[in-house]
Amino acid sequence: MQLQNKTAIITGGAGGIGQGIVRRFLAEGAKVAVVDIDQAQGDKLLAELDGQGDVIFIAKDISKEESTKEIVAETVERFGGLDVLVNNAHASKQAPIMETTQEMWDLSFNTGTMATFHLMRAAYPELKKTRGSIINFASGAGMKGLPNQVTYAAAKEAIRAISRTAANEWAKDGIRVNVVSPIALTPGIAQWSQAFPEAFQEVVDGIPLGRLGDPETDIAPIVVFLASEQSQYMTGQTLMADGGSIKIY
Ligand SMILES: NC(=O)c1ccc[n+]([C@@H]2O[C@H](COP(=O)([O-])OP(=O)(O)OC[C@H]3O[C@@H](n4cnc5c(N)ncnc54)[C@H](O)[C@@H]3O)[C@@H](O)[C@H]2O)c1
């Protein structure tokens with residue numbers, strides 16, 4: 001087991017990719033604090049995970065800075081420390097640039113960029129003690145500049161910039177900071193694929209490996225790798241878990 005005796009916070013842990021990461025982390029021996037704003041989904045997940053490991057659910061809105069401090073405090077109180085922070089949650093709305101509103105900027109930056117930043121800062125003193133690992137989430141939408149996704153694309157690229165800066169600043173503390181950029185078939189995307197089968201096929205056609213990833217078996221193992229000592233000589237990197245869609249040189 002690669003994460004035995006490690007404690008992790010996983011934001012958006014009740015969502016599509018988040019659930020895959022939570023299940024995989026538990027299978028690898030980690031103690032997990034699942035953080036999500038969706039109380040009903042969190043309760044359902046915890047009921048499903050009953051007896052499958054040491055896991056708690058923290059229902060909080062990570063866009064509020066105060067909540068990020070409470071999340072770290074609650075996790076440390078329950079498990080005695082913190083080794084891994086996975087900033088996976090992000091909410092946003094799509095619109096063409098000319099129809100983009102301030103509310104859309106606030107939603108994407110507060111739940112994505114600022115929540116990631118505040119959680120990293122709240123977790124820093126604990127991660128310094130354990131020489132821990134932070135895994136943040138990016139998107140091909142940011143790297144490609146996909147149309148109608150300006151607030152999401154900008155928020156995701158800002159997360160990559162924060163990650164590189166923190167990787168440089170916190171290397172001396174033994175804290176590694178890396179990024180995963182996934183493509184995964186979540187329940188949300190499965191629903192969308194049924195409503196728009198042609199658009200979905202176009203997405204699949206753009207993936208060299210010919211399919212969307214599975215949250216638990218394709219995306220989560222990359223997060224486990226970045227959380228474990230197996231990646232101890234990597235920091236500041238973006239790993240593409242996207243079936244070969246984007247190549248970084
Ligand atoms: N699914 C993909 O193909 C894909 C592609 C590129 C990037 N990503 C990124 O991967 C990550 C996970 O994506 P997903 O598809 O599983 O998303 P999802 O929408 O299925 O899950 C996101 C979870 O975050 C939670 N959340 C939203 N706002 C919150 C808040 N303010 N406080 C606490 N929790 C909040 C939601 O309740 C939800 O459970 C995101 O960062 C996303 O941008 C996903």
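User: How many salt bridges does the structure hold?

Analyst: Happy to start there. This is a predicted model, where local features need pLDDT of at least 70, side-chain atom pairs count only at pLDDT 80 or more, and totals for chains, interfaces and linings use all residues. Residues are numbered from 1 along each chain as its sequence is written, and side-chain values use heavy atoms, with hydrogens and water left out. Side chains of opposite charge can pair when their charged atoms come close. The criterion is a side-chain nitrogen of Lys or Arg within 4 Å of a carboxyl oxygen of Asp or Glu. The structure holds 10 such salt bridges.

User: Which residue forms a salt bridge with Arg78?

Analyst: Asp54 does, with the closest N and O atoms 3.1 Å apart. This pair links distant parts of the chain, 24 residues apart: Arg78 sits in helix α3 (residues 65–79), and Asp54 in the loop between α2 (39–48) and β3 (55–59). Helices (H or I, at least four residues) and strands (E, at least two) are DSSP runs, numbered from the N terminus.

User: Is Arg160 buried or exposed?

Analyst: Buried means under 20% relative accessible area, exposed over 50%, and partly exposed in between (1.4 Å probe, protein chains only). Arg160 counts as buried because its relative accessibility is 13%. Its salt-bridge partner is Glu157 (3.1 Å, N to O), which is partly exposed at 26%. About one helical turn separates Glu157 and Arg160, because they are 3 residues apart in helix α6.

User: Which residues form a nonpolar patch on the surface?

Analyst: Patches are made of residues with over 30% relative accessible area and no salt bridge; nonpolar side chains (Val, Leu, Ile, Met, Phe, Trp, Tyr) are joined within 5 Å, like charges within 9 Å. Here Leu185, Ile189, Trp192, Phe196 and Val203 make up the patch, together having about 410 Å² of accessible area. Such areas come from the Shrake-Rupley method with a 1.4 Å probe; for residues, only the protein chains shown count as cover. Leu185 lies in the loop between β6 (176–182) and α7 (187–195).

User: Which residues come nearest to the ligand?

Analyst: A residue is near a molecule if one of its heavy atoms lies within 4 Å of it. Of the 26 residues around the ligand, Ile17, Asp36, Asn88, Tyr152 and Lys156 come nearest. For polar contacts, look for N or O atom pairs within 3.5 Å. A polar backbone atom of Asn88 is 2.7 Å from an oxygen atom of the ligand. The protein covers 82% of the 840 Å² of accessible area that the ligand has on its own.

Key: A polar contact is a pair of N or O atoms within 3.5 Å; within protein, one must be able to donate a hydrogen and the other to accept it, and residues adjacent in sequence count only if both atoms are side-chain atoms.
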